[in-house]
Amino acid sequence: MARIAVFPGSFDPITIGHIDIIERAVPLFDKIIVAIGTNSSKNYMFSLEQRKEFIAQSVAKYENVEVDVYEGLTVDYCREKDARFILRGLRNPADFEFEKAIAHTNRAITNHDIETIFLLTSSGKAYISSSIVRDVMRNGGNYTILVPDVVRYEP
């Protein structure tokens, strides 16, 4: 059975922290699906197509990484894709507490069929979040050190 992991998120935008997690997970799984979750009530800085393109270009060198879009529960998407693992990055203790609750819930509602795998973000990238990047972008700061080269923002 193939080891398939889903790396879910809004990726608005993808950051070098996300890339760090993907790069380190590549040798662990047969396939990683970077899955952009959609939420119609959320206002995104970048369109779905832009986010897909940013991710696709950023992970193009990895043969076992693909990009997709989904709605609804992540565990339902995992079942649809025959993925037994959810990949999540942890930056700090607050992330851990939040993600732990979701992981326990996901295990319970899937009868322990889907496991969440946590990777700690590398220490030099642990401060980066998409919300911080968006704030830097909106305020004209140098965001280029926080995102892959393909991510560009013009207000």
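**View 1. Y153 is partly exposed in this predicted model.** The relative accessibility of Y153 is 22%.

**View 2. F46 and Y153 form an edge-to-face aromatic pair.** The ring centres of F46 and Y153 are 6.0 Å apart. Their planes meet at 80°, and edge-to-face applies to angles over 60 degrees, so the pair is classed as edge-to-face. F46 belongs to the loop between β2 and α2 (48-59), and Y153 to the segment after α5 (130-138). The pair thus links distant parts of the chain, 107 residues apart.

**View 3. F46, F54 and Y153 make up one aromatic cluster.** A search of the whole structure gives six aromatic pairs, among them the pair of F46 and Y153.

**View 4. F29 and F85 form a tilted aromatic pair.** The distance from centre to centre is 5.5 Å, with 55° between the planes of F29 and F85. F29 is in the loop between α1 (16-25) and β2 (31-37), while F85 is in strand β4 (residues 85-90), so their pairing ties together parts that are 56 residues apart in sequence. F29 and F85 are both buried.

**View 5. The charged end of R51 sits over the ring of Y44.** The charged end of R51 is 3.9 Å from the centre of the Y44 ring.

Key
Residues are numbered from 1 along each chain as its sequence is written. This is a predicted model: local features need pLDDT of at least 70, side-chain atom pairs count only at pLDDT 80 or more; totals for chains, interfaces and linings use all residues. Side-chain values use heavy atoms; hydrogens and water are left out. Rings of Phe, Tyr and Trp (its six-membered ring) pair if their centres lie within 6.5 Å; planes under 30 degrees apart count as stacked, over 60 as edge-to-face and the rest as tilted. Helices (H or I, at least four residues) and strands (E, at least two) are DSSP runs, numbered from the N terminus. Buried means under 20% relative accessible area, exposed over 50%, partly exposed in between (1.4 Å probe, protein chains only). A charge sits over a ring if NZ of Lys or CZ of Arg is within 6 Å of the ring centre and within 35 degrees of the ring normal.
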